[in-house]
Amino acid sequence: MNELEARGLVKQYEMGRSNLVVLHDCDLLIPRGSFTAIMGKSGSGKSTLLHILGALDVPQDGQVFFDGQPIFAPPAQRRHTTGIGDVLSPVERRRIRLRRTAFGFVFQFYHLLPELNVLENVLLARMIGASAWRWLSARAEARRDALAILQRVGLEQRLRHRPAELSGGERQRVAIARALVHRPRVLFADEPTGNLDAEAGANIMQLLHALHREGQTIVMVTHDAQIAQYADRVLRLEHGRLIAPRRGEDATARTTLGPTPPIST
Amino acid sequence: MYKLFLTFRYLRKQLIVHFAIAAVTLCVALVLVQRSVMGGWVEQVKQRARGLLGDVIVDNQSYAGFPLYEEFIGRISAWPEIEQATPVLYTYGLVRISSPGFEMTRPVSVVGIRYGEVIRVNAFEKGLFYEAYYPGTTHLGPQRQPMLGLDPNAAPVPSPMGGLVRPPALPEPYQSALETARRRHQERFGRPLDAPNAVDGPDNTFLREHGLAIIPGEYAFSETDAPELAGEPWPGLIFGRDIVATRQSDGRYKRRFVRGRLATVTLWATSIGGAVDPVPIKQAFRYADDSRTGVYEIDSETVYCDFDLLQGLMGMGPADRIDPQTEQVVGRTPPRCSQIQIKLRPGLDRAAVAALTERLARTYHGLLDDPSIRLDPREQSLVVGVTAVTWEQSQAHIIGPVERERMMVTILFGIMSLVAVALILCILYMVVLQKTRDIGIVKAIGGSSAGVAAIFLLYGAAVGVVGGVLGCALGVLTVVSLNDIQEFLIRLSPALRVWDQSVYSFDSIPSEVNPVELLVILACAVATSMAGSLGAALRAGMMQPVEAIRYE
Ligand SMILES: Nc1ncnc2c1ncn2[C@@H]1O[C@H](COP(=O)(O)OP(=O)(O)O)[C@@H](O)[C@H]1O
Ligand SMILES: [Mg+2]
């Protein structure tokens, strides 16, 4: 059973007269419960692919299916701009809804809101989509979930801290908590350790690995083979396409890592 | 929900927004003060017209006045729309009044009124001082000077200062009138009568110290120690308050003359043709009361006496008509007045008043067709010149320009307030730019474009509400304390007097805020702030999440 299925994705950027083709007829399957790592050189289009899979960006051609349903409108009707009018389009509304219900995103640079404390950053993901009225009744449950997930990532002591008062590793764990608090079907991680030192990075990866073992579908992008080893599938993005890994750096042979280090909290 | 949450979080955390709020505050305060002061001014101009005139004014703008007012009033007083009509006479003269060591002569406008009638036509009675504390004692008929004494019938009472004191009293009917006022005041307000709009004389300071009820106004003390009426009876004269009293900075008046004091008015009679008789006419009066209309021009140069008395003095009363050729008496000349003030029954609408005004003019001019009335050509020409206008029309030449001026200044200030809108636009736009990444994040975790745009609209509205409320508070505070501010400035330097009584013709700066206007201004502040945030909102809505989150 596939959680996500991408077919024939094309993404190009117009750069003056020439076009920069980033994705070219790119196909991909993400089985449910898998932990997929997408590797590639810097600038190869990994982030672009992840954004398209996560319904943040729109490809010029191709389609992504979630639950067998296309995420984007047919290519001819696709809009590449954003605006207030989005609320009028059912496809756009569904795309936005998927982001807050089915997908969770973790970014290289954490992207927490600096004005909000840890708990509020996590709660915001639940608040979005709830009307002020509904929030009154949903608040208690959301808070319980947020506390549980923050405990899971080991930050239950830091609820009132602002992002600026946390280390990089801690911020990334808040970001993971925010991405998970609405129990997404797919967790996307774009170089989640790219900005961390080795130890903090290992911690984050152990956390992701543990989440994967609990059944969380994860799609991660990285340029670091070490990090990719935590995944059970590794794909390479080259020349706008996903290809099988080259011999010698094959990490896909293993579906699990050796003994899993204990997850530090 | 996140919209409200983020709006308020940003409102608190973004320092720069406080500038936008300050701009709104200042603009709102500015417009509110301007509207209130100018609105109050227009209102005062109107009230002056209303308070000193009737609902309808009949006159001919001539110093010679016009005849047939008795006949006219006789005809119209039975009309159901007419509540009261009264003739008024205007002339000029010199008034002279003295107190020991101080005497004063002033050119004044002398107004002849029928006291009993005029108080039913306009608000004249409300502005009287002594009448308020001694109800029923003010009149323009012959009167003597009330002298304050010690009540011969009252037993001495113990004083908080020690010893016994005898309460002072006035002669009748003044004492009873004062008792009545004291009783009514106690019943209505539950506290003893005081004289809030008068400065205490030395006697009242004494009375207060000894726990005795105060005696409002100024009276001379009787030589016999008992209350008495002294001197010859003379007709009463009501002074404009600013002639006989000095306004203090706190708005109270300090009277320079005692009640009942002798005053002399010098007049010059005018013939029907307008020739002024060079022989002055002198008439003695007693200071019966003083009147405040709030219009400085009037209160500083007007005295009021009895209509029929003044008419007689001016030679405008009925007299034998002499045939210039035969030098024989051929009848009587009709008495003349300068103006007829008419009070209408309440509840008439504009159209009804307009129609009635025309009917009044027709009725008056119709008197010429009455065969029983015989006028000579000069008198007839006076009749023809008579018009009837509503009080609004009579003041239109003053009110119209003031209203226009007020509107113009409001528009001007409104345009100035666009600066605040531009400021909000800039500031919110800056916030959006600064928050680009956050907006991308919110969109990435599921916020819609409309939702993000709504944050900034709400933000604008919040700036409007906060700024508007603060501005209203500041504005109201300013308006209420404008007179104090002016007093303070004058104390620094007399050149800093902003509100010149003689220029604006009112003795104080208007200081009332119209609550409806306040709400309208508040609503405008919120609306314009939201308009100012529109650009920022659209920009935030159009932001692509991928662009925003791609980089640190
Ligand atoms: N908005 C854009 N306009 C033009 N070029 C872009 C834009 N976004 C990304 N690119 C280019 O697309 C390529 C792929 O970018 P990205 O997906 O971020 O690569 P990766 O994540 O693998 O480093 C890069 O060369 C980048 O410069
Ligand atoms: Mg990248």
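## Ala198(A) and its helix

Ala198(A) sits in helix 6 of chain A, which covers residues 198-213. Helices here are DSSP runs of H or I with at least four residues, strands are runs of E with at least two, and both are numbered from the N terminus. Is Ala198(A) buried or exposed? Its relative accessibility is 69%, so Ala198(A) counts as exposed. The cut-offs go like this: buried is under 20% relative accessible area, exposed is over 50%, and partly exposed lies in between (1.4 Å probe, protein chains only). Ala198(A) and Ile227(A) are 29 residues apart along the chain, and their C-alpha atoms are separated by 10.0 Å.

## How to read this model

This is a predicted model, where local features need pLDDT of at least 70 and side-chain atom pairs count only at pLDDT 80 or more, while totals for chains, interfaces and linings use all residues. Residues are numbered from 1 along each chain as its sequence is written, chains are lettered from A and ligands numbered from 1 in the order in which they are written, and side-chain values use heavy atoms, with hydrogens and water left out.

## Chain A as a whole

Chain A has 7 helices and 10 strands. Of its 265 residues, 54% are buried. Now take the contacts (heavy atoms within 4.5 Å) between residues at least 6 apart in the sequence of chain A: 70% of them join residues at least 24 apart.

## Two positive phi angles in chain A

Tyr110(A) lies in the loop between strand 6 (103-106) and helix 3 of chain A. Its phi is near 60°, a positive value in a residue other than glycine. Tyr110(A) has a relative accessible area of 7%, so it is buried.

Glu191(A) belongs to the loop between strand 7 (186-190) and helix 6 of chain A. Phi of Glu191(A) is positive too, near 45°, and again the residue is not glycine. With a relative accessible area of 11%, Glu191(A) is buried.

## Helices 3 and 4 of chain A

Helix 3 (residues 118-127) and helix 4 (residues 132-152) of chain A have axes that come within 9 Å and cross at roughly 130°. That angle makes helix 3 of chain A oblique to helix 4 of chain A. Axes are lines fitted to C-alpha atoms, for helices over the stretch in contact, with angles from 0 to 180 degrees between N-to-C directions. Under 35 degrees is roughly parallel, over 145 roughly antiparallel, 65 to 115 roughly perpendicular, and the rest oblique.

Which residues meet here? Among them are Val118(A) and Leu119(A) from helix 3 of chain A, and Trp135(A) and Leu150(A) from helix 4 of chain A. By class, this contact of helix 3 with helix 4 of chain A has 11 nonpolar, no polar and 4 charged residues. Nonpolar covers Ala, Val, Leu, Ile, Met, Phe, Trp, Tyr, Cys and Pro; charged covers Asp, Glu, Lys and Arg; the others, Gly among them, are polar.

## Over in chain B

Helix 15 (residues 436-444) and helix 16 (residues 449-492) of chain B pack at about 140°, their axes 9 Å apart. So helix 15 of chain B is oblique to helix 16 of chain B. Ile439(B), Val442(B) and Lys443(B) in helix 15 meet Ser449(B), Val452(B) and Phe456(B) in helix 16 of chain B. Those residues split into 4 nonpolar, 1 polar and 1 charged.

Pro173(B) is in the loop between strand 8 (168-169) and helix 6 (174-189) of chain B. The peptide bond from Glu172(B) to Pro173(B) is cis, with omega near 5°.
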